[in-house]
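Hi everyone, thanks for coming. Please have a look at the structure on the screen, and then we'll walk through it together.

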Amino acid sequence: REFQGANALAADGVIGPLTWEALLKLASQVAGGLPLPPGSLPGLGDAIRPLVLMEAQKHLGSVHFGVLVNGRPKGIDFLIEIFKVAAKTAVTDAAFKGSKGEWVPQPLVFGSRKNWCGIFAIYCCKKAGLNLSWDLNLGGPVGPDGGKLKTEPFSSSYVANMKPADIGAVATKQHHFLIESVGSGPAPALTTLDGNLTWGQINRVSTHRVGVDNFNYYKVV
């Protein structure tokens, strides 16, 4: 209803042909790498979540440092892009080289290897129009004002409030991922979209689980 009202549609909560047309227009812009039009985000609410996941899903299988294409790892250009867009940091091929000249999925930035699982998640949020970024010094996501986002405090509604496109983080916050779907019950099964896996791959994962990983999550919408 919020999305419909913000787009001069009948705010009846029914996704009819005109509402689908408006949603698909935004989705096609995201898929094509175009920014959302000014003023389209206010009132969008949960309608933005599928756009975040759509951006992440199209990159499944796009990175693999065990596969070379013209002498460079598959997907390295995409990793260079996500660091530029989401972490506001320029990296080059040289950053992905180890001490013996081998390719390493985690680039050397500011003197240390940087995992980019969270940067990938933030990149997908930004491509969907959310004004978020990743602070390499803080090692976490920050909001429009530059303040670090806080994870949701535990409560009786902790699981019930978890939604697709929220960003999850394992207890140590050394690994981040986009929540794709949430099952039922106090310890629901999840599917997630994880970057920076073996060989730097981006895959769909079904092993994260509340009560097992004891993970936190950030609300992005």
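Let me begin with a question: is Asp-166 buried or exposed? Asp-166 is buried, with a relative accessible area of 0%. Buried here means under 20% relative accessible area, exposed means over 50%, and partly exposed is in between, with a 1.4 Å probe and protein chains only.

A word on where this comes from. This is a predicted model, in which local features need pLDDT of at least 70 and side-chain atom pairs count only at pLDDT 80 or more, while totals for chains, interfaces and linings use all residues. Residues are numbered from 1 along each chain as its sequence is written, and side-chain values use heavy atoms, with hydrogens and water left out.

Back to Asp-166. Its side chain meets that of Lys-219 in a salt bridge, at 3.1 Å from N to O. A salt bridge is a side-chain nitrogen of Lys or Arg within 4 Å of a carboxyl oxygen of Asp or Glu. This pair links distant parts of the chain, 53 residues apart: Asp-166 lies in the loop between strand 6 (140–142) and strand 7, and Lys-219 in the segment after strand 11 (216–218). Strands are DSSP runs (E, at least two residues), numbered from the N terminus. Lys-219 counts as partly exposed, at 24% relative accessibility.

Now let's move to strand 8, residues 176–182. Of its 7 residues, 5 are buried. Who are its neighbours? Strand 7 (residues 167–169) runs antiparallel to strand 8, joined by 3 bridges, and strand 9 (residues 190–194) also pairs with strand 8 in the antiparallel sense, over 4 bridges. Two strands pair if DSSP finds at least two bridges between them. Find Leu-178: its bridge partners are Ile-167 and, in strand 9, Leu-193.

Arg-204 sits in strand 10 (residues 203–205), 24 residues apart from Glu-180. Glu-180 is buried, with a relative accessible area of 14%, whereas Arg-204 counts as partly exposed at 46%.

Last stop, the cysteines. How many disulfides does a search of the whole structure find? The search finds 0, where a disulfide is a pair of cysteine sulfur atoms within 2.5 Å. For Cys-124, the nearest cysteine sulfur is that of Cys-125, 7.0 Å away. Cys-124 is buried at 0% relative accessibility, and Cys-125 is buried at 0% too.
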